[in-house]
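Thanks for asking me to look this one over.

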Amino acid sequence: MSTAPTPTAGTPIPLTAAPPTPPAKTETTAGNYFVSNYPPFGAWKAEDVEAYLGVLDQPPRSDVPLGLYTHIPFCRKRCHFCYFRVYTDKNADDIRGYLDALLSELRRYADKPVIGGRKPRFIYFGGGTPSYLSPDQLGFLTRGMKELLPWDEAEEITFEGEPGTLTDHKLRAIREMGVTRLSLGIEHFDDHILEINGRAHRSREVQRAYAYAREIGFPQINIDLIAGMVEETEEKWREAIAKAVALQPDSVTIYQMEVPYNTTIYQTMKAEGRLVAPVADWETKRRWVHEAFAEFEKVGYTVTSTTTVVRDPEKVKFQYRAGLFSGADLLSIGVASFGHLSGVHYQNQHDFQPYLSAVNSGRLPLYRALRPTAEELYTREFMLQLKLGSVRASAFTAKFGTDPRVQFATPLATLRSWGFLVESEDRIGLTRDGLLQVDRLLQEFFDPKYRKGRYA
Ligand code: SF4
């Protein structure tokens, strides 16, 4: 770990000569790639849980909106590329015990000064597979949640669904809960690719679930796809894009396949002594996303982030991401979930039993936390918003007191020298090529002490 001093917020970082070309990364090797938070999770520590507990008894920062994330860690099957904490072996009693624990955890937060009487402005059910729950289980959970923290001010309620779990009856129950944004984990439309990657659903279930969801009238339907799954081909990817375009979803999120260490794919690589994952290289995956974006743009969609195209950006917003990327408070409940309150990051116990034991013995189920410095919070927000394509320098200057072109002079000079920046008077943006590889470019903004560690 580097012992280089961390500049304080507002201190210009001296310019140094940028490497002549971006660091090469072509083959897909093991490890996390996406940047979803900062400082990296590896820097979060059990010792910092005390700092987090301290902020719970303080009133919230003024005008900071509150979001609520609920983690449902159950799935029908474990996908081979999955790196989340999920369980495929839990019975109805286990699930009921987990839902009780979620409500107990939320109850412990509801009266804390840090909530300050705020109601959540955006709510997200993620997993795992939230749609694994039955309509009765969902009703039990959401009635209890609403009693503790009313949803009447929520502008957006997102719910992740796996197509094979979504019957007409269940989709109606989900809509009746108040869900405004249904996010379907389709990933691909080809049955062989779905099967070989360990997905539980098949393409006919996608078509059926999507048709029901449209009929029921969800205000927004997002579909998730993955570029570069095992055995992906040029032809199958083109077909997948054509099928996705034909559905006319409100938004599409396209991930580039990564192979973190805790995936089945990596376990197989390790057993076979292979260093390179059996999926397309990064250049190919970027090209596939590029081609997909181009197809959607032809029919009027707009690229709104490194992973997203949206049919009508004036109408289709994603409040959860906007809140997360601009420093909103996020109260996260459930096993292994990540949250952020009053400037402090935290993660819950990351296994089922320790999570339940903590909650059932009257404690918050905390595993690790981190209080970022003011400079780290600035870096976090700037990096996350760069993933949307561009940022307004004046907005960051107003919020953090230093112009980002001064604060981040060195990494911006590096990206500029590589040809990835598009700049105007007040905008700092990325070229399309830069946007499609933004996660690795963001490493340039990391404090050197965080660069070498595994991202997760
Ligand atoms: S459905 Fe999602 S959370 Fe569940 S195993 Fe597959 S990738 Fe993981």
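1. A word on contacts before we start: two residues are in contact if their C-beta atoms, placed from the backbone, lie within 7 Å. Please also keep in mind that this is a predicted model.

2. Let's begin with the overall layout. The protein chain is split into domain 1, made of 1-39 + 375-456, and domain 2, covering 46-323. Taken over C-alpha atoms, the centres of domain 1 and domain 2 are 26 Å apart. Where the two meet, 19 residues of domain 1 are in contact with 21 residues of domain 2. On the side of domain 1 that touches domain 2, you will find 8 nonpolar, 7 polar and 4 charged residues.

3. Next, the ligand. Which residues are around the ligand? They are C75, R78, C79, C82, F84, V86, G127, G128, T129, E162 and G185. This shell divides into 5 nonpolar, 4 polar and 2 charged residues.

4. G128 sits in the loop between β2 (122-127) and α3, and both G127 and G128 are among the residues around the ligand. I would look at this spot on screen together with the ligand shell.

5. There is another cis peptide bond to note, from Y38 to P39, with omega near -10°. P39 belongs to the segment before α1, the helix at 49-56. For orientation, domain 1 includes the stretch 1-39, while domain 2 is 46-323.

6. Now a helix pair. How are α2 and α3 oriented towards each other? Helix α2 (residues 92-110) and helix α3 (residues 135-148) pack at an angle of about 10°, and their axes are 10 Å apart. Angles under 35 degrees count as roughly parallel, so α2 and α3 are roughly parallel to each other.

7. Here is who meets whom in that pair. From α2 come I95, L99, L102, L103, L106, R107 and A110, and they meet Q137, F140, L141, G144, M145 and L148 of α3. The residues of this contact divide into 10 nonpolar, 2 polar and 1 charged.

8. Leaving out residues up to four places away in sequence, L99 touches Q137, F140 and L141.

9. E187 has phi near 70° and lies in strand β4 (residues 181-187). Q248 has a phi of about 55° and lies in the loop between α7 (234-247) and β6 (251-256).

10. Are these two buried or exposed? E187 is buried, with 26 other C-beta atoms within 10 Å. Q248, on the other hand, is exposed, with 12 other C-beta atoms within 10 Å.

11. The loop between α15 (409-417) and β14 (421-423) holds W418, and G419 lies in that loop too. W418 counts as partly exposed, having 19 C-beta neighbours inside 10 Å, whereas G419 counts as exposed with 12.

12. For G419 and T431, 12 residues apart along the chain, the C-alpha separation is 8.0 Å.

13. Finally, L53, in helix α1. L53 has 14 C-beta neighbours inside 10 Å and counts as partly exposed. Its C-alpha atom is separated by 9.5 Å from that of V344, although L53 and V344 are 291 residues apart along the chain.

Key
Residues numbered from 1 in each chain as written. Predicted model: local features only at pLDDT ≥ 70, side-chain atom pairs only at ≥ 80, totals over all residues. Axes fitted to C-alpha atoms, helices over the stretch in contact; angles between N-to-C directions. Helix = DSSP H or I, 4+ residues; strand = E, 2+ residues; numbered from the N terminus. Parallel < 35°, antiparallel > 145°, perpendicular 65-115°, else oblique. Nonpolar A, V, L, I, M, F, W, Y, C, P; charged D, E, K, R; others polar. Domains from an automatic or database assignment. Near = placed C-beta within 6 Å. Buried ≥ 20, exposed ≤ 12 C-beta atoms within 10 Å, placed from the backbone.
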